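My notes follow in the order I took them.

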Amino acid sequence: MVVDSRIDPPGMQQLVEEFPEVQLELGGFRSSTFNNARQLIVSPGVSLRETAIVEARSRGVLVTGDIDLFSQYATAPVVAVTGSNGKSTVVSLVAEILSAAGQKVGLGGNLDGANARPALELLLRKQTRWDVFVLELSSFQLETTSDLRAEVAVILNLSEDHMDRYDDIDGYWQAKQRIFRGARKIVVNRDNPFSEPPDPGSAQILRFGVGEAVDGEFGLSELNGTQHLCFGDTAVTRVDELKVAGRHNVANVLAAMTICHALGVDLKTIGAAVREFRGLPNRCQWVTRVDDVNYYNDSKGTNVGATVAAIDGVGQAISGRVVLIAGGVGKSADFTPLRPVVERYVRLVIVIGAAARELAETLKAQTGIQFAGDMDEAVRLARKESLPGDAVLLSPACASFDMFRDFNHRGQVFTEAVRSLQ
């Protein structure tokens with residue numbers, strides 16, 4: 001049986017055509033249905049706190065999800081990546097490095113993009129024999145993951161997100177930690193204590209960080225007056241050779257390098273692939289330059305930590321100040337961590353969407369605030385208020401679904417509005 005709380009869920013007609021023998025139950029979750037099941041395979045979008053699910057679990061009904069199903073049938077090693085920020089960039093770069101090393105990579109999980117697939121869909125592609133699976137995993141997926149047994153697992157970082165789903169950051173972290181279950185190798189970010197596994201067991205630990213590279217670990221070192229990404233005292237590539245900007249992206253690159261080194265890829269291949277990587281759409285993506293002002297699309301900045309990193313990265317790279325466009329659905333997040341970086345780099349915050357007033361109240365002591373009714377108005381205001389040498393940055397610190405279909409749509413609308421200025 002397939003159950004959906006909606007009356008007319010997307011994909012229903014295709015389901016009926018392909019699986020006519022499967023029963024459908026729509027419009028709500030019924031305890032009587034769930035209590036009589038042997039197993040519930042729960043979509044990541046459905047909270048395990050749903051009353052009918054809680055009751056079924058208390059009666060001994062097994063609850064699982066897509067990633068546990070995937071791990072039962074995957075026949076190639078799995079690289080599993082989670083964290084609050086940088087997941088998509090890291091898994092995409094890992095896939096490019098492994099491809100450059102001659103491996104066939106099944107890329108997907110909670111990752112959007114033309115080259116990515118839902119995890120279970122990767123198993124259907126029988127014409128391809130994957131050498132390795134590279135999965136981006138959300139905390140929602142990990143809630144129902146009990147036995148992933150990844151070859152390499154990592155929590156890149158953790159900052160407050162999805163507080164409308166979890167009681168506090170500790171509950172969010174506990175969901176993320178399930179990625180380590182059965183892992184053979186664990187990659188740890190030295191700069192984020194949440195990256196450490198609570199109990200590594202017999203897993204091999206490999207570390208990276210944006211501080212000085214030490215023996216057997218990846219990091220940054222200055223050689224002949226130039227910063228290099230290094231493994232111990234071995235230089236892999238110069239920071240100024242990277243095509244992705246910002247300190248947060250340096251950390252992302254170091255994470256991907258560490259993962260691939262753990263899989264046996266040589267440093268020369270890693271360095272060459274890293275230098276070719278151009279980053280992903282909607283992630284601090286340069287759009288254009290108008291009147292000596294650069295415009296950046298960071299629509300994927302859907303939480304506070306991501307926006308802090310984006311402001312910091314762009315702010316350090318320009319001669320002027322940042323004009324920030326932010327707002328959307330706040331997900332019960334605490335916006336106060338934005339204050340220091342906004343005070344340091346931001347000329348003006350233009351707020352939009354459901355969280356506009358909350359953002360304005362939080363940041364009014366640090367910078368100027370203006371309200372906009374939609375993205376077009378926000379971009380016009382940004383052009384009016386910016387000065388030569390400034391950067392206009394869309395990094396919302398919020399989800400998009402109050403005004404847009406998703407973050408991709410939000411980024412497209414921003415990009416079109418910016419291009420209309422030329």
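Which charged end sits over the ring of Phe140? I found that of Arg165, 3.8 Å from the ring centre. I note here that this is a predicted model.

**Entry 1: around Phe140**

I looked for aromatic pairs next and found six in the structure. In one of them, the ring centres of Phe140 and Tyr166 are 6.3 Å apart. Their planes stand at 45°, between the limits of 30 and 60 degrees, so I logged the pair as tilted. The pair links distant parts of the chain, 26 residues apart. Phe140 belongs to helix H7 (residues 139-142). Tyr166 is in the loop between strand E8 (152-155) and helix H8 (169-177).

Is Tyr166 buried or exposed? I read a relative accessible area of 9%. The cut-off for buried is under 20%, so Tyr166 is buried. I also traced a cluster here: ring pairs link Phe140, Tyr166 and Tyr172.

**Entry 2: Trp173 and Phe194**

I then checked the aromatic pair of Trp173 and Phe194. The centres are 5.0 Å apart and the planes make 85°. That angle is over 60 degrees, so the pair counts as edge-to-face. Trp173 lies in helix H8. Phe194 lies in the loop between strand E9 (185-189) and strand E10 (204-212). The pair therefore ties together parts 21 residues apart in sequence. I noted Phe194 as partly exposed, at a relative accessible area of 23%.

**Entry 3: around Phe371**

I moved on to Phe371, in strand E18 (residues 368-371). The charged end of Arg357 sits over the Phe371 ring, 5.0 Å from its centre. Phe371 has a relative accessible area of 40% and is partly exposed.

What does Phe371 contact beyond its neighbours within four places in sequence? I listed Val351, Ala356, Arg357, Ala360, Glu377 and Leu381. I also checked Ile325, which is 46 residues from Phe371 along the chain. Their C-alpha atoms are separated by 9.7 Å.

**Entry 4: helices H9 and H10**

Last, I looked at helix H9 (residues 247-262) and helix H10 (residues 267-276). Their axes come within 10 Å and cross at roughly 145°. I recorded the crossing as right-handed.

Which residues meet there? From H9 I wrote down Val253, Met257, Cys260 and His261. They meet Leu267, Ile270 and Val274 of H10. Sorted by class, the contact has six nonpolar residues, one polar and no charged ones.

Definitions and conventions:
Residues are numbered from 1 along each chain as its sequence is written. This is a predicted model: local features need pLDDT of at least 70, side-chain atom pairs count only at pLDDT 80 or more; totals for chains, interfaces and linings use all residues. Side-chain values use heavy atoms; hydrogens and water are left out. Rings of Phe, Tyr and Trp (its six-membered ring) pair if their centres lie within 6.5 Å; planes under 30 degrees apart count as stacked, over 60 as edge-to-face and the rest as tilted. Helices (H or I, at least four residues) and strands (E, at least two) are DSSP runs, numbered from the N terminus. Buried means under 20% relative accessible area, exposed over 50%, partly exposed in between (1.4 Å probe, protein chains only). A charge sits over a ring if NZ of Lys or CZ of Arg is within 6 Å of the ring centre and within 35 degrees of the ring normal. Axes are lines fitted to C-alpha atoms, for helices over the stretch in contact, and angles run from 0 to 180 degrees between N-to-C directions. A crossing is left-handed if the near helix is turned anticlockwise from the far one by less than a right angle, and right-handed if clockwise. Contact means heavy atoms within 4.5 Å. Ala, Val, Leu, Ile, Met, Phe, Trp, Tyr, Cys and Pro count as nonpolar, Asp, Glu, Lys and Arg as charged, and the others, Gly among them, as polar.
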